[in-house]
Amino acid sequence: MVQEYQSPVRVYKHPFELIMAAYVRRFPKCPLIPVFVDSEIINESQSDDGSVVITERHCTIDIEAPKLLKKIAGVDYLYFIQKNTLNRRERTLHIEVYNETFSNRVTVREGCSYTVHPENEEWTCFEQTASLDIKSFFGFESTAEKIAIKQYANSIKKGKEIIEYYLKELEEEGVTFIPRWTPSLDAKTRRQLPPPSAARAIPVNTSKDRLHSKNPVCPTELAGSPEDKLDSDYIRRYLGDLTPLQESCLIRLRQWLQETHKGKIPKDQHVLRFLQARDFNLDKAREFLCHSLTWRKQHQVDFLLDTWERPQLLNEYYSGGWHHHDRDGRPLYILRLGQMDTKGLVRALGEEMLLRQVLSINEEGLRRCEENTKVFGRPISCWTCLVDLEGLNMRHLWRPGVKALLRIIEVVEANYPETLGRLLILRAPRVFPVLWTLVSPFIDENTRKKFLVYAGNGYQGPGGLLDYIDKEIIPDFLQGDCMCDISEGSLVPKSLYRTAEELEREENTLLTESIYKSASIFKGAPYEMLIEITEASSVITWDFDVCKGDVVFSIYHSKRAPQPPKKDAYGSHTVTSLGGVSAQLIDKSWVLGQDYSMVEKSLTCKEGESVQGSHITRWPGFYILQWRFHSSAACAASSLPRVDDVLASLQVPSHKCKIMFYTEVLASRDFSGSMTSLESCHSGFSQLSATTTSSNHSCASSTVSR
């Protein structure tokens with residue numbers, strides 16, 4: 001595999017001629033670079049007017065490699081050829097380097113250039129490119145590659161230091177100005193010559209273009225505008241301290257985006273985040289970023305802050321907002337999750353709207369990072385999130401809500417990597433490990449390392465909140481002195497809930513599937529759902545709302561698969577022909593206790609109630625979730641549909657019930673570690689409403705909230 005390097009533009013605030021005087025002092029050998037043992041000029045020539053000078057040197061390098069490797073290779077030193085092309089008229093120096101030792105096994109190419117700054121002719125720019133291709137090296141290819149990269153990275157760091165060292169040496173000798181080159185020709189000939197270029201665009205040619213140029217006097221160049229280049233000082237000021245190889249990855253990815261993406265190019269900070277998320281693996285980061293750019297373009301995310309109108313319901317019931325900054329200058333976002341009615345928000349707004357809210361928070365966070373970078377004078381690329389869990393209970397572990405959260409996390413992880421600098425979780429209750437067990441597998445490992453969890457009032461002690469946030473901006477609800485205008489949150493009225501039909505009709509552009517399904521239940525015609533379990537101890541979870549009428553909920557188990565009833569000649573018993581009604585799964589010939597058994601005690605649910613629960617399966621087989629019309633004991637004795645009941649249900653609206661439901665099966669291996677906590681915390685749902693009815697069994701539990 002070919003390893004490539006591209007440096008940022010390094011700017012010396014000195015004229016080109018003075019930089020050249022400092023540059024030549026590093027030959028024939030430089031004490032500041034111990035590995036550079038010696039060099040000698042093997043060829044030198046110049047143009048007729050003396051404006052172009054070509055110098056070739058034979059350089060000896062002592063690589064810091066294990067003695068065993070040197071012995072196997074049979075060499076103590078490595079030899080390189082360096083070809084310098086100095087154009088005094090154009091004020092440029094182009095350097096080409098290639099290896100002479102092991103040239104049949106290893107290919108090393110380097111290209112450097114000194115040019116005049118395009119906006120200030122008294123400044124000089126430096127750029128560097130290199131490539132390494134190890135075809136074979138006595139079975140030590142990987143080791144040789146690592147040694148070469150390490151040595152090269154070290155020499156890059158010293159490059160600017162060496163020039164500055166010799167500039168200082170010149171200044172001590174009294175040399176602070178060197179006049180520009182002028183041709184020693186008569187005036188007539190001089191008038192025929194083109195004028196010297198005082199400011200050329202910074203070249204952006206690749207190492208391949210530069211190293212294989214056939215014309216040594218005028219190396220191949222591809223001019224680029226200054227704003228297309230990255231300055232090393234700019235990187236340090238706005239992006240942070242990067243290693244030379246990290247700088248190279250950023251520049252190469254940025255150049256690739258400029259060449260291939262005709263649309264809007266993301267900001268450098270954003271590109272850098274994707275590289276950091278993939279440990280500066282250029283190929284992986286490029287693929288990662290491209291998927292995100294496509295997603296942003298499809299959903300017009302770049303215009304979200306300007307075009308999206310936040311619903312009033314979010315202003316009233318969403319308890320989160322921005323609040324000053326932490327000690328590192330990072331924007332601080334506070335989320336009072338324990339006070340938030342997550343189920344109510346999902347039911348009233350839908351996943352799509354909540355996702356847009358989260359995306360707007362992330363977009364606002366990116367904007368605030370840029371502003372804080374300017375305010376504090378140092379790179380700030382991420383924010384801190386403080387999550388207050390006071391009030392968190394089992395209602396927050398409502399499975400559809402958790403599933404919606406996981407899908408939102410998936411979108412954020414895929415499009416906003418390395419934006420979370422620190423997550424402070426305060427006042428974590430006993431139920432928190434359950435939520436963490438469900439959510440943590442979907443969070444990137446690097447992100448999980450940024451989580452700090454404090455139980456109870458632990459955040460007030462040593463190593464707590466004061467280590468990360470100044471005392472004067474700690475919110476009042478955390479016993480601080482700063483008034484915080486973030487909403488405390490409250491229960492979303494059920495009158496604001498959206499129906500299943502509305503959720504299903506919603507055009508989910510960012511999320512593609514709806515959580516809830518709706519079903520109609522007629523007298524004598526129950527709604528039944530079949531779930532096949534292949535592994536004992538799997539967990540069936542459910543959540544449903546009784547939208548109309550009263551229903552009886554039961555769960556049955558059978559070892560054999562139920563068969564839907566066959567249509568008769570006239571189709572009069574075809575239950576599936578009724579809108580929203582399921583076929584009867586429990587065969588009328590089956591005997592309760594022999595062919596199938598009840599595993600969850602029947603639970604009567606009134607209109608307006610919300611029911612959540614789970615059942616830990618004892619055996620594999622077929623489980624039937626059944627909702628049937630609640631009627632008198634005589635009528636409810638049999639769950640089988642009768643023709644008269646079905647026909648009557650079509651004419652009498654009072655004999656029709658309606659539910660909106662969600663079910664999910666969790667494999668036993670995914671639920672390990674959180675089972676006990678779930679069973680012990682079901683009573684937490686009682687905080688949702690004033691009246692609560694619960695039914696708990698050894699293997700199952702359901703909770704009703706009105």
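This is a predicted model: local features need pLDDT of at least 70, side-chain atom pairs count only at pLDDT 80 or more; totals for chains, interfaces and linings use all residues.
Local features need pLDDT of at least 70 and side-chain atom pairs count only at pLDDT 80 or more, while totals for chains, interfaces and linings use all residues. Residues are numbered from 1 along each chain as its sequence is written, and side-chain values use heavy atoms, with hydrogens and water left out.

**View A. Helix α1, tucked inside.** All 8 of the 8 residues of α1 (residues 16–23) are buried, so this helix is largely enclosed by the rest of the structure. Buried means under 20% relative accessible area, exposed over 50% and partly exposed in between (1.4 Å probe, protein chains only). Helices (H or I, at least four residues) and strands (E, at least two) are DSSP runs, numbered from the N terminus. Among the buried residues are Phe16, Glu17 and Tyr23. The buried set packs against β2, β5, β6, β7, β8 and α3, with contact taken as heavy atoms within 4.5 Å.

**View B. Where α9 meets α14.** The axes of α9 (residues 282–298) and α14 (residues 399–415) come within 9 Å and cross at roughly 115°. Axes are lines fitted to C-alpha atoms, for helices over the stretch in contact, and angles run from 0 to 180 degrees between N-to-C directions. From α9, Phe288, Ser292 and Trp295 meet Val411, Glu413, Ala414 and Asn415 of α14.

**View C. An open antiparallel sheet.** Here 4 strands line up as β15-β20-β17-β18, with β15 (527–533) and β18 (597–605) at the edges. Two strands pair if DSSP finds at least two bridges between them; β15 and β20 (residues 621–629) share 7.
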